[in-house]
Each structure stands twice: as C-alpha cells, then as structure tokens.
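Please read these notes with the sequence and the model open side by side. They are arranged as numbered points, so that each can be checked on its own.

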Amino acid sequence: MKLDQNKTPLLDALQEFKKMRMVPFDVPGHKRGKGNPLLTDFLGEKCLTVDVNSMKSLDNLCHPISVIKDAEEMAANAFGAKSAFFMVNGTTSGVQAMIMSVCKHGEKIIVPRNVHKSVINALILCGAVPIYVNPKTNDELGISLGMTIDEVHDAILKNPDAKAVYVNNPTYFGVCSDLTSITVMAHKYNLKVLVDEAHGTHFYFGKNLPISAMAAGADMAAVSMHKSGGSLTQSSILLCGPDINPHHVRQIINLTQTTSASYLLMSSLDISRKNLALHGQEIFAKVSEYAEYAREEINQIGDYYAFSRELINGREIFDFDVTKLSINTLSLGLAGIEVYDLLRDEYDIQTEFGDVANMLAYISVGDRRSDIERLIGALSEIRRRFKKDKVALFKTEYINPEVVMTPRDAFYSDCVSLPLDDCSGRICTEFVMCYPPGIPILAPGEMITSQIIEYIRYCKDKGCSMTGPEDMEVERLNVLKEE
Amino acid sequence: MEFWYTEKHTNDVKFSIRVDKQLASIDSEFQRIDVFESPAFGTFLTLDGYMMLTEKDEFIYHEMIVHPAMAVHPNPENILVIGGGDGGALRELAKYPGVKTLDIVEIDKLVVDVCKKWLPQTACGFDDSRVRVFYQDGLKYVRSCIDKYDIIIVDSTDPFGPGEGLFTKEFYGNCFKALKEDGIMVNQHESPFYPKDAEAMQRAHKRITESFGICRVYQAHIPTYPSGHWLFGFASKKYHPVRDLKVRKWKALDLKTHYYNTNLHAGSFALPNYVEEILRNVESEE
C-alpha cells in the first residue's frame, strides 16, 4: 500500500516541539544555542533550536515507537522495502549492521574485493570470514567492474556454508552487476543478499536507471541518502526486505549506535525522503541530463573518455548508472588524481576523487548548468596547458589479494612495524588504501607482495591521499610477527 | 507619492534614483529583468536588482569598454562580445568600418528582447549587418573557438549570478585560446573601492594574469555604479595598451565619441596608488 508521501512525521513533531517553547533542563547543554553564541552565529539559530535530545514527543531512535517509527515506515514505503532504519553514523553503520545481522563469528560471506573498507571493518568486528570474488577489471580504463553470476555461483559451490553474498551496486564509477540474477541464485542456495547501495539512492526514484536492491529482491541494502538523496552528511538509511527480522536488526544496530542520535540528521532524512518520493523522477531526469550533456562535451574535447552505457556487456558490466560522470584521463598523459588536483588548485573546482587512471565528478540536483560549463571549460584548459605524451601509466588498479588469515585474526595478532620496502612476503595486519575511494589495496590478513609495494609507491608518487596504516606517511607497515 | 529604485552598494551604503514608472519586470530563466523610467537618468535597466545601464551615463561604459582596444589593435576585423545583451558595446564597435564580423554571445535572450523594446539607444547596436547573435553560455561558446578573434570584449554582469562563469580562470584561458596571436581581451573589471568589489576585481586580475602576458587595468568614472569609480581590464598577447596606441590612425577615423579620446586613453591607464597596490599584490614576480 502506498502511503501519502507528503507526510513528514518527524519534521512535524519538531515543528510542534518548537511551538511549545519547552524550558530545557536536559542535554544538549548549549540549550537551543543560547549557551554557545559563537556556534549559533555560525550555524544559525534555526539549526540550534532543533539540536535536541530524545524526549517523549520526539521519540527515540534506539527504540522508536512514535514519530521516528512513523518516519521510518514512510521511508520503507518510499523505497519499496519491508522495513527501514534511519542511520546516523553514515552508510558505514548500515554496512556493519547488514553484515552483523546475517553473519556470526567464523561464518562465511562472499564479497567482491573492491569493497569499501567499512565492509572489512565489519568483518573485523564480527569475525566473519571473507570469501573474495575477484571483480574483473577493465584494463583500458583501469576500473574494477561488477561480479558476474558465474563467479558468484562458483564461490557458492565452493563455499556451500556461506551465509550471504555482498554486492557493490553501483560501484563508485557507476558499474552495476546483474543484481536480480545474483539474488535469485543466492536465494536458491539460502544465502542472504546484502547490497552496498551507497552510490545508488537515486535508483529508487529516477526513471531509466539500473534496478534498485529492493526491486531486485535483495534482503538488505544500505543507501547513502546524503549522497544522491540530498540529506545531511552522515545520515543514511538501511533497508530490509520481507525475510529479515527488523527487531533483530535493530538490536544489532544498537550495539554500536549512539544513544543521542542527532535530530538534525534524522529530520534531514525525513525531509529528503519526502522530496525524493514526490520529485525524485524529475530531479534525476535533470541530473541524468546534466551528466549526459557533460559527457558528450567532455568527449569532444579530446583525450578524455567520459564512459557510460556503451561499456555494458551483460556480464561484469550488466548496467551503468548514467548519473555518474566518470572520466578516464590516461590518453591525456595525466593520472586521474593529477587532473583532480589541477581542477582544485588551478580552477577552484572540487571533484569527488581521482585515482591513477580516472576521476569522478559528482553531479547532483544541486548543480547549475553554468557550473557544469565551468567543469567542462576547465577540463578543456587542462588539456591545452598540461597535456603530456601518453606515458606508461600504472594501469591496473586491481591486485589480486592472497588472503592468509581472517581480517579479525590478523587485526588482533601481534605485529611489528617494518619499512615498506622490507614488507614483501609478510602478512599485513592493517589497511592500505587511497581515500577516496577507500577501497583497500591491502586488508588485514593479506600477503604483501613486491607488486603491491610498487603500486603503493606509485600511488604515493601520483599524490593519492593514502590512508589506513598506523604510519601516517605510509613508509612503514604493520606486519604479522613471525614466530 | 514617491517611488524610488534603491540598490545597496554595500550593507551600509544605498544608492537611490527616483522613478517615474516601471516599464517592465520579467523573470527569465537566469535572472529578474526590470526597466524603469526616471527623471534624472532616463530609462534604466537592472538585472536581479543591480544597475546595469541608464540612458544618461551608458555612453561612458560602452565607449570605454570598446575604444581603447580598438585604438591599440592595428587591424581589428573579427570581434567577439560576450554578454552585452543591451547592444551598447555593439553600437560602438559598429562605428568601425574595418570590422568584418561582429559576434555576440548573450546567455539571456530576454535581456536582448527587453532592451530592443525599451532601450533602443543601445539596442540599435544589433541592427548592424555584421552582427551575429548566439544565445548561449559564454564559457561554452569560447571553449570551441581557436585562434579566431582579434578582440574579445567581456561585457559581463557581476561575478555573482549568471555572470559568475565569466570571472573564472577557465574562462580567461579559453578566451586566450580563442584569440589570435596578437589578440586583445577587454573585460568589465568591477570597482576598487568597496571591499567586496575590490576583492572581486583583485581576483579577476589574478586570474587574467595567469593566462595573458600583458595585463593592465584602466579606469572610468561612471556615476550610477558603486562608488562611481569603475575599472576595465586590458589583457593582451602582444600589444601594449599605451605604447601601441595608434593616435593618428584612430583620429583619422573621425568617430564621434562623447567620453573617449586618445589623451584620455593614455590617462585612463594611470591608476591611483591604492589600486596599483591591490593589483600588484596578486601579480606574480617576473
């Protein structure tokens, strides 16, 4: 049954609460901003008056029984899910909740290697064992792709005791797997299907976009409302299908969730959900049009390749999200990260991220046509001013990991710190990744090879922001202590 | 009854003109367009509430954005105007018999329509047969031009609103590319007086110096613009704005101007110390 998506239960409760002019003898201590004029001046009084604590009229995220419950039901309805949870610690918390809801210590989960670090962090927390499916890469573009149905099938046959399949859909660059077929097959073997939809909120509301996780029959999906959905940073929604017990999921969420959830974040979810439900179709038609226009113009500049649906091959690129403006820069003789840096340093244009071969400009409802022109104009100038000969760039981003032990075991093992160049042949106990996108080059429990060290050095040379290791300079790595 | 148009020149300074009546008010895709009739300044046009031009003093702006570059370049034939939907710059350019093509790129067709209806004094510039009008984003238009124009005149609004893209480094770089090897770009360069305007003008100068070898700024006195002290940018690949001024040649054309003359040309590049200093602060050490 379709609910009336004009309603905003949580927003209404906050409006009502403001009218009551309640005297606050509870936290937060800034007391509607009066106790912190500097902060109130910066963020605005309107904002501070609703930065409040859970109370009877505003419900409680840890145990929702009234307006938050209603708002979550509205969200579930809008997304076509059985139940929905407002998340206030980013999609990271949604990812953790999904994995911990279906996997216990020692149980197996099938995951593609190009997962976000939050997935492996969740494995460290719960002790589940990752069975990696190697996503194919496109060597021309240097991007990792989706999972094919055959590879997932193969992984299931080799690991019939696995509890779940984890799917990235879409990837950062917009590549989608055949989610429906993967779901049907996984269910046949009694596996749950968990979908990282951090970059796919718009699939639920736009037309002519790839299929969403709930529509494909997946069991759980984590959607970053704050990305394409327009809510505040750190707010997110976890969706569950009919075969998931929402009360169990809530208990899992409450293991790590704050007991003082921000009403700024939660109301932004309520408001954004209404906006998407009512206007999503036109919003994403406009976003798609912007992205298509930019792609066409950028491809005419020369040397840039803004790729899209032409890559679709029915397998590891089953579908493509046209709202993603992903641009390959290899023919320009520049790494994606170099173009990303030039855009920011020379032209005051901040894009989402750049890696060795590609960059991503995030297009959204907040963009203006004139800003799109600036981006295209700046890319054209970068080509005129900085183009180099197409040199041998380190092409393949994906390096096949050799998993020696589970992330949890490695993470909690005794370790020693070694200079990067001495680490070959040792087992890493920490993460190494470029951030963004935050996809691990090394995860805890994996063998370090000379190829990986060379790749880390290359990323550093190109100016990628490297994160993960204890050593901030990434000149040393923590490796497993040898007996 | 008194009816006044007021523009806030800063949060603490207002500028007002008494109005007889409002002639037009239209919301276009890009901005709000208003036309008023006033006893002191005649008909005037505002965009998003900001003064663009009045019948009484527009000659200063339009002569000064056009003639200095035209008097320096030895043979300006292909000219591009970006913005300038009122037609005033075109009107001045059309006075030169040597000009072969006169292209104008204006993002907002409604501005042109409104000016044709209410401000024929400037919109008459569109009547010249050499004029070709392109209604599109200026940045987009120049992006695909290479080695095409002798002079580009950037007659933009302020750097907030639809004119924003015309104050960016990528735009100036694309103009550089669109100009021939001895081309000149002239731009509306904001004012040095009020801090916010001065900041915008300093930023524009910095970005232009990053693309062009010769970057000078010149001034004019425009009564209806904030502080009345207004600047223009002269960015050039080859010609110096004063040393390469062709005085005799320009005088021989015998053009009728109300503000500009070749003596004033040289003088307009002499700037007050405080303006020199604002500019010098962003010029890179050679």
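1. How far apart do the C-alpha centres of domain 1 of chain B and domain 2 of chain B lie? They lie 23 Å apart. The assignment gives residues 4-54 of chain B to domain 1 and residues 58-280 to domain 2, these bounds coming from an automatic or database domain assignment.

2. A word on the basis of these notes: this is a predicted model, in which local features need pLDDT of at least 70 and side-chain atom pairs count only at pLDDT 80 or more, while totals for chains, interfaces and linings use all residues. Residues are numbered from 1 along each chain as its sequence is written, and chains are lettered from A and ligands numbered from 1 in the order in which they are written.

3. The contact between the two domains of chain B takes 20 residues from domain 1 and 22 residues from domain 2, where two residues are in contact if their C-beta atoms, placed from the backbone, lie within 7 Å. On the domain 1 side, the elements that give two or more residues are strands 1 (4-10), 3 (21-27), 4 (32-38), 5 (42-47) and 6 (50-54) of chain B, and strand 6 of chain B gives the most, with 5 residues. Helices (H or I, at least four residues) and strands (E, at least two) are DSSP runs, numbered from the N terminus. By class, this side of domain 1 of chain B has 13 nonpolar, 6 polar and 1 charged residues; Ala, Val, Leu, Ile, Met, Phe, Trp, Tyr, Cys and Pro count as nonpolar, Asp, Glu, Lys and Arg as charged, and the others, Gly among them, as polar.

4. An unreviewed UniProt entry places the feature "binding site" at positions including Asp155(B) and Ser156(B); such positions are given in the numbering used here, feature names are shortened, and annotations may be inferred rather than shown by experiment. Asp155(B) is in strand 10 (residues 149-155) of chain B and counts as buried because it has 27 C-beta neighbours inside 10 Å. The term buried requires 20 or more other C-beta atoms within 10 Å of a residue's own, exposed means 12 or fewer, and partly exposed lies in between, with C-beta atoms placed from the backbone.

5. Ser156(B) lies in the loop between strand 10 and helix 6 (169-178) of chain B, and is buried with 24 C-beta neighbours inside 10 Å. Not counting residues up to four places away in sequence, Ser156(B) touches Ile82(B), Gly83(B) and Gln188(B), among others, and the contacts of Asp155(B) likewise include Ile82(B), Gly83(B) and Gln188(B).

6. The "binding site" annotation from an unreviewed UniProt entry also covers Gln31(B) and Pro162(B), among others. Gln31(B) is placed in the loop between strand 3 and strand 4 of chain B, Pro162(B) in the loop between strand 10 and helix 6 of chain B. Gln31(B) is buried, with 21 other C-beta atoms within 10 Å, as is Pro162(B), with 24.

7. The contact between the chains takes 14 residues from chain B and 11 residues from chain A. Helix 6 of chain B supplies the largest share of the chain B side, 6 residues, and that side divides into 3 nonpolar, 4 polar and 7 charged residues.
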